[in-house]
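The report below was prepared for a reader who wants to go through one model residue by residue. Please keep the sequence and the structure side by side while reading.

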Amino acid sequence: MRGYLLDINLSGRDEVTIWIKRLDGRVVSHRIKWMPRIYVHGFLESLVKLGRLLSQRYFVDFVERSVKPGSPPETVLEIKVPFGSKKRVANLILDLGNHQLFKVYNVDLPSMQEFLYQHELHPTALIDLSNHGFEVLDSAEDIDYDLSWVRAAHLDAKVETSSIAPKFSDRLEEVTIEMDGERIVLDGAEDGILQDLTKTLDDLDIDVIITDGGDSFLLPYLHYRAHVNGVKLRLGRSRDPRMFKPLSSTYFSYGRVYCRFRGFKLKGRVHIDSSNSMLYRETGLDGLIEVSRVARIPVQDAARYTIGSCMSSLQYYQAYKLGVLIPWKLSRTVYMDCWSLNRADRGGLILDAKTGVYWNVAELDFKSLYPTLMLKHNMSGETVNCECCKDDGERVPELGYHVCKRWKGIVPRAIELPLRKRMRYKELIKETRDGRLRTLYKSRSDALKWILVTAFGYLGYRNAKFGSREAHLAVCALARETLLKAIRIAEENGFEVIHGIVDSLWVRREDAGDQDYLELAKKIEEEVGLPISYEGRYRWIAFLPSRTHPGRPVNNRYFGVFMDGRLKYRGIEARRRDAPPIVKRMQLEILEKLAEARDPEQLREKALEAIEIYRGYARRLILGDVSIEDLAITQVLSMDPDDYMVEARQAVAAKHLERAGIRIVPGQAVTYVIAGASGLSKAVPIQLIEEGSYRLEPYLTMLEKAAYTMITPILESLRVPHRIYDMDSFVSLDGVQGCQGECRGSGCRESSGRAKT
């Protein structure tokens with residue numbers, strides 16, 4: 001029997017169920033006897049005694065494994081443990097050895113991933129199942145694998161509630177299922193809706209259920225209502241878990257706090273909560289499945305994992321294949337004196353751009369620079385400053401570190417496949433003319449990009465199993481050297497380097513065309529030995545100053561237009577998550593107006609015309625010709641609302657919601673509108689705001705700053721006399737009656753003559 005691996009789940013203490021969608025469309029389950037394993041290392045005599053003791057309850061064996069990457073195999077004790085018992089048994093072993101005799105391994109390797117590793121399986125794999133087992137007929141390396149068999153549907157429900165936040169006690173009014181452009185509505189009595197829901201999912205033969213808030217509310221709510229009504233609800237193809245209370249956790253990553261809800265995972269069907277899955281939000285179902293296949297993680301787990309966890313799975317798989325044990329509790333500590341740290345910890349190379357507008361500028365980007373360097377130079381925790389290559393290892397510039405020549409590291413082995421596949425997807429995006437395929441390849445490429453971006457950061461993470469601080473610093477040193485070489489080559493060929501940041505260069509020459517820039521890119525690629533891409537030639541590009549220090553540039557704050565009309569912008573309000581839609585729309589409209597310019601004189605004219613765009617948006621705001629959604633600001637709570645020392649708007653909004661019965665935890669976002677009486681601005685959650693009620697001045701200030709960001713640097717760089725666009729003429733709105741109080745609906749309560757921000 002041939003089919004595709006749809007899902008995998010444990011079905012007992014020593015049994016795994018795999019769900020296969022046969023080629024004829026039927027979904028069948030197959031049970032396999034299997035148990036996860038942990039390993040113990042220590043003196044052989046102690047291991048023998050431990051094995052005799054544990055053999056009374058567990059299956060034990062002596063096997064050969066490498067305790068450290070690159071080291072010879074040693075005899076270790078292998079213990080098969082029931083599902084969910086790994087940590088309990090590991091702690092028991094450590095206690096028996098007084099936390100000195102033994103070290104345990106593979107304890108925090110997720111069991112379902114271990115099953116996939118051992119059987120060389122990956123989600124959505126084409127397999128041939130027989131009485132003798134199964135054979136995998138495709139590969140995780142494949143580019144054009146078939147997903148046409150996947151039937152996905154969006155599930156939502158309407159709750160009959162009198163408050164802004166639905167509760168489990170509220171009655172279910174209707175359920176909607178959307179698939180392939182069709183919408184099915186189930187309504188009527190609650191028990192009938194729930195019974196029909198199970199039948200409809202089966203009749204439609206849905207493989208993937210996509211929800212918005214399914215983990216945090218919807219699926220636990222549906223099961224609770226089924227319990228109240230005495231209905232046996234089944235959303236998967238086998239019995240669902242009984243989980244009525246959603247649980248959340250918060251975590252800190254790259255300077256931000258995130259919130260994640262415990263997954264409500266189904267059996268025989270895949271449930272994806274779009275609000276609880278960064279990968280799905282960023283790359284869609286195609287990108288999520290790509291990561292699931294490459295990293296060998298069940299789709300429902302990959303949907304809820306952090307990118308770091310997906311990266312870890314790639315490394316764990318490589319270690320598992322090589323017979324290298326995965327440490328549980330790391331005890332590695334690295335000490336550096338201040339001088340060494342000052343010399344080594346310098347990050348990427350950045351060349352500040354002089355603020356202003358530049359014409360005929362090309363952008364050159366190294367393709368996945370950091371992962372490529374890690375692969376090319378064998379960067380891994382165990383390869384940098386290894387014991388075996390002190391005298392003849394590859395030297396790292398500036399630092400004096402050496403890199404192993406005898407062992408290919410776990411980290412470069414792990415990133416090789418996603419790096420190679422992403423390069424191929426990017427080639428296919430350029431080659432194909434089919435819009436659907438281009439979208440598909442881009443989703444998969446973007447998903448792998450997240451993995452590769454994380455690979456470098458994770459290399460220096462203190463809890464990374466196969467990383468180290470020295471490896472992280474070594475990659476930075478190699479990247480700095482690479483960019484310096486590229487700058488030297490550009491300047492030797494008569495180009496001026498305008499700006500450089502980590503892995504990108506902006507260069508120009510007055511008489512240069514696309515072919516000249518392409519030849520430069522090729523020359524850099526040949527001499528440096530790393531792939532580089534020519535992103536295009538800007539008709540003009542503006543590098544922006546700092547707001548707090550106007551005389552200084554900001555490294556990643558610019559906007560411009562390519563020769564083919566494409567826009568690119570970074571670091572402005574249109575890219576900010578917490579900017580209201582009205583500000584983003586105005587800024588993009590201004591940018592589109594500026595993009596019409598073909599020469600400096602036209603750019604001057606378009607910049608002056610852009611002032612009128614700002615004034616138009618300000619008039620609409622004053623006259624109340626905006627919707628509440630236009631003014632909505634979304635921010636994430638970094639801590640508990642009561643822990644804020646100052647009255648931050650997001651904390652105020654969260655407290656409003658808490659009084660209304662909605663608890664917001666750190667890592668969750670709150671959407672609010674600035675409202676309140678004159679002299680007092682409050683953040684009112686959008687769920688509680690009255691239509692048309694908002695505070696005028698803060699929004700006028702936001703519009704002014706966003707317009708000023710785009711227009712003023714251009715006019716200043718073109719040396720337009722300040723009297724033409726001084727502050728009063730720039731922001732004033734002659735003839736419009738404004739207010740200093742609270743705006744409601746389509747007008748103002750009070751008039752204050754000419755209004756200006």
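This is a predicted model: local features need pLDDT of at least 70, side-chain atom pairs count only at pLDDT 80 or more; totals for chains, interfaces and linings use all residues.

Residues are numbered from 1 along each chain as its sequence is written, and side-chain values use heavy atoms, with hydrogens and water left out.

**Helix packing**

Two packed helices are described by the angle between their axes and the distance between the axes. Helix α6 (residues 278-295) and helix α12 (residues 435-459) have axes that come within 8 Å and cross at roughly 80°, which makes α6 roughly perpendicular to α12. On the side of α6 the contact is made by M278, L279, E282, T283, D286, G287, E290, V291 and V294, and on the side of α12 by L440, S443, R444, D446, A447, L448, W450 and I451. Contact here means heavy atoms within 4.5 Å. Helices (H or I, at least four residues) and strands (E, at least two) are DSSP runs numbered from the N terminus. The axes are lines fitted to C-alpha atoms, for helices over the stretch in contact, with angles running from 0 to 180 degrees between N-to-C directions. Angles under 35 degrees count as roughly parallel, over 145 as roughly antiparallel, 65 to 115 as roughly perpendicular and the rest as oblique.

**Salt bridges**

A salt bridge is a side-chain nitrogen of Lys or Arg within 4 Å of a carboxyl oxygen of Asp or Glu, and by this rule the count comes to 54 salt bridges. The table gives three of these pairs.

| D108 | K465 | 2.8 Å |

Residues are called buried under 20% relative accessible area, exposed over 50% and partly exposed in between (1.4 Å probe, protein chains only). K465 is buried at 10%, whereas D108, at 28%, is partly exposed.

E492 and R488, by contrast, both lie in helix α13, four residues apart, or about one turn of the helix. E492 counts as exposed at 56%, while R488 is partly exposed at 39%. E596 is also partly exposed, with a relative accessible area of 39%. Salt bridges that share partners join K21, D205, D207 and R237 into one network.

L53, L92 and L96 make a nonpolar surface patch of about 250 Å². Patches are made of residues with over 30% relative accessible area and no salt bridge, like charges being joined within 9 Å and nonpolar side chains (Val, Leu, Ile, Met, Phe, Trp, Tyr) within 5 Å. Accessible areas come from the Shrake-Rupley method with a 1.4 Å probe, and for residues only the protein chains shown count as cover. L96 lies in helix α2 (residues 86-96) and is partly exposed at 43%.

Not counting residues up to four places away in sequence, N360 touches V507, R508, R509, E510, A512, Y517, R537, Y538, R539 and M563.

R242 is placed in the loop between α5 (214-229) and β14 (248-253), and at 65% relative accessibility R242 counts as exposed. The C-alpha atoms of R242 and Y224 are separated by 8.8 Å, the two residues being 18 residues apart along the chain.
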